[in-house]
Amino acid sequence: MSEAQEQAFEAFWAIYPKKKSKGQAKIAWGKLNPSGDVIAAIMDKLPKLKTSYDWQKEGGKYIPYPATWLNAEGWEDEVTQATETRKISKGPQPGAYQAPDPAVLQENQQQLLRLLEETEGMDL
């Protein structure tokens, strides 16, 4: 790998969020031997991906290893920002707390009161 490619790889490594398997990433970079335009595209895309829904969900659990991302030409992927995903999702996110509807709570409370009145004095 040329000195220029080595420096470009180190710049990539410095901003890639998952610091795993650097040796494999370096091999992938060497095989890719990216042109200046590809390096610019990679460096432009990474900040956007860092804030994307896919890379933010579950604490970054789904950020690919850098070698995998390079081999897959991940800089060509579409980016869905985390805020956009929340806007287009329908209903609550799985596991998210959803406050009960006040009208339903009031109806349930009234039903419970009626049941208590009906059973008052009964030997249960």
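Some ground rules before we start. Because this is a predicted model, local features need pLDDT of at least 70 and side-chain atom pairs count only at pLDDT 80 or more, while totals for chains, interfaces and linings use all residues. Residues are numbered from 1 along each chain as its sequence is written, and side-chain values use heavy atoms, with hydrogens and water left out.

Let's begin with the fold. The protein has seven helices and zero strands, where helices (H or I, at least four residues) and strands (E, at least two) are DSSP runs numbered from the N terminus. Of the 124 residues, 23% are buried; buried means under 20% relative accessible area, exposed means over 50%, and partly exposed is in between, with a 1.4 Å probe and protein chains only.

Two buried residues are worth a look. Glutamine 5 sits in helix α1, residues 3–15, and is buried at a relative accessible area of 11%. Its side chain makes a polar contact with the side chain of tryptophan 29, at 2.7 Å. A polar contact here is a pair of N or O atoms within 3.5 Å; within protein, one must be able to donate a hydrogen and the other to accept it, and residues adjacent in sequence count only if both atoms are side-chain atoms. Then there is proline 66 in helix α5, buried with a relative accessible area of 0%. Its C-alpha atom is 7.2 Å from that of tyrosine 16, 50 residues apart along the chain.

Now, how many salt bridges does the structure hold? There are five, counting a side-chain nitrogen of Lys or Arg within 4 Å of a carboxyl oxygen of Asp or Glu. In one of them, glutamate 10 meets lysine 22 at 3.2 Å, N to O. That pair links distant parts of the chain, with glutamate 10 in helix α1 and lysine 22 in helix α2 (residues 22–32), 12 residues apart. Aspartate 44 and lysine 48 form another, at 3.0 Å, N to O; both lie in helix α3 (residues 36–50), four residues apart, about one turn of the helix.

Finally, the surface. Glu73, Glu76, Asp77 and Glu78 gather in a patch of negative charge. Patch members have over 30% relative accessible area and no salt bridge, with like charges joined within 9 Å and nonpolar side chains (Val, Leu, Ile, Met, Phe, Trp, Tyr) within 5 Å. Glutamate 76 lies in the loop between α5 (66–71) and α6 (82–88), and is exposed at 57% relative accessible area.

Notes. Areas by Shrake-Rupley, 256 points an atom, 1.4 Å probe, with all protein chains shown as cover. Lys, Arg positive; Asp, Glu negative; His and termini not counted. Charge placed at Lys NZ, Arg CZ, Asp CG, Glu CD.
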